[in-house]
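Visitor: I have a chain open on my screen and would like to talk it through. Could you take me around?

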Amino acid sequence: MADERARHFRRLRRLRNSARRWSVLAGGLGGAAAVLTPYAGLGLPDAAWAGAAGSAIAIAAWRWADHRALAAVPAPPALDPAEAAARSRARLVAAVERLPVGPGVLAEVRRVRSRMALRGTAAAEPWARLDRAALTLAGLAGRLTGLAEPAVREAAEADRSLRELANRVAGVERAAKLTPQSPLDEVHATLVAQLEDGVAAYERLVVAAAGYVAEDARPDTAHPAAARLTEATDLLHGVASALAELRTPLRAPQP
């Protein structure tokens, strides 16, 4: 969304410039009509000069009236710098998302930014493990169909819950560092244990999903492509043997 204050002054400037141009044109046409009409006498060209001059004068008057009306309207307040930065960032994100690789790039940037925010806390290592497991599951999601679809939905919900828990762990840890022997230490330890258990369970789910995909893709017989290649190989061997026999000269029978 554009800055309303800048848009207001830009429109005011355009109206002023337009009014000035029409004023100059009206003055030129009016002066020409005032000079040429007495010089050549009244005629059809004089009507054209007078009509053009009158039209230019009317348009110039309307432009100045519009300019005065807009100038009387109070200008919108100046945009807060934080809000302006947020709008600029939103426009940039929207432009990147329209690119073919935009969504993937933005997802990676958000992932890296979240990981950097947790750096130095007890949640950093579980978060990295959760990222790796989530990326692996995302690569398998297209083949987790049928009976595996509820597990995919459950994994997505668990991923959001574990990331919220990691942020909570980091927040409690930073608050606990403010005072020595903080009563938050016990709460922090409990949250870290919950996060570790949750990430381990998520990793087990990803391993099970990979096993499901592998078993679902494993055929009971040989792959058709391999069978066709074997047949083609046998055929080529047979042709080569036949050509070798044709090139070997026949021996005369022994008396």
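Guide: What follows is a short talk about the fold, the surface and the salt bridges of this predicted model.

Visitor: Okay, how many helices and strands are there?

Guide: The chain comes to eight helices and zero strands, and read from the N terminus its elements run α-α-α-α-α-α-α-α.

Visitor: And what share of the residues counts as buried?

Guide: Of the 255 residues in the chain, 22% count as buried. The accessible surface comes to about 18000 Å², and 63% of that surface belongs to carbon and sulfur atoms.

Visitor: Which share of the contacts joins residues at least 24 apart?

Guide: If you take the contacts between residues at least 6 apart in sequence, 74% of them join residues at least 24 apart.

Visitor: Switching to charges, how many salt bridges turn up in the whole structure?

Guide: A search of the whole structure finds six. One of them pairs the side chains of Asp 131 and Arg 163, with an N to O distance of 2.9 Å. That pair links distant parts of the chain, since Asp 131 sits in helix α5 while Arg 163 sits in helix α6, which covers residues 149-176, and the two are 32 residues apart.

Visitor: Are Asp 131 and Arg 163 buried or exposed?

Guide: Both Asp 131 and Arg 163 are buried.

Visitor: What does Glu 125 pair with?

Guide: The side chain of Glu 125 meets that of Arg 129 in a salt bridge, at 3.7 Å from N to O. Both residues lie in helix α5, which spans residues 124-140, and they are four residues apart, about one turn of the helix.

Visitor: Why does Arg 129 count as buried, and what about Glu 125?

Guide: Arg 129 counts as buried because its relative accessible area is 14%, which falls under the 20% cut-off. Glu 125, at 44% relative accessibility, counts as partly exposed.

Visitor: Where do Arg 160 and Glu 157 lie?

Guide: Arg 160 and Glu 157 both lie in helix α6, three residues apart, about one turn of the helix. Arg 160 forms a salt bridge with Glu 157, and their closest N and O atoms are 2.5 Å apart. Arg 160 counts as partly exposed at 46% relative accessibility, and Glu 157 is also partly exposed, with a relative accessible area of 43%.

How values were computed:
Residues numbered from 1 in each chain as written. Predicted model: local features only at pLDDT ≥ 70, side-chain atom pairs only at ≥ 80, totals over all residues. Heavy atoms only, no water. Buried < 20%, exposed > 50% of the residue type's maximum accessible area, 1.4 Å probe, protein only. Contact = heavy atoms within 4.5 Å. Areas by Shrake-Rupley, 256 points an atom, 1.4 Å probe, with all protein chains shown as cover. Salt bridge = Lys/Arg side-chain N within 4 Å of Asp/Glu carboxyl O.
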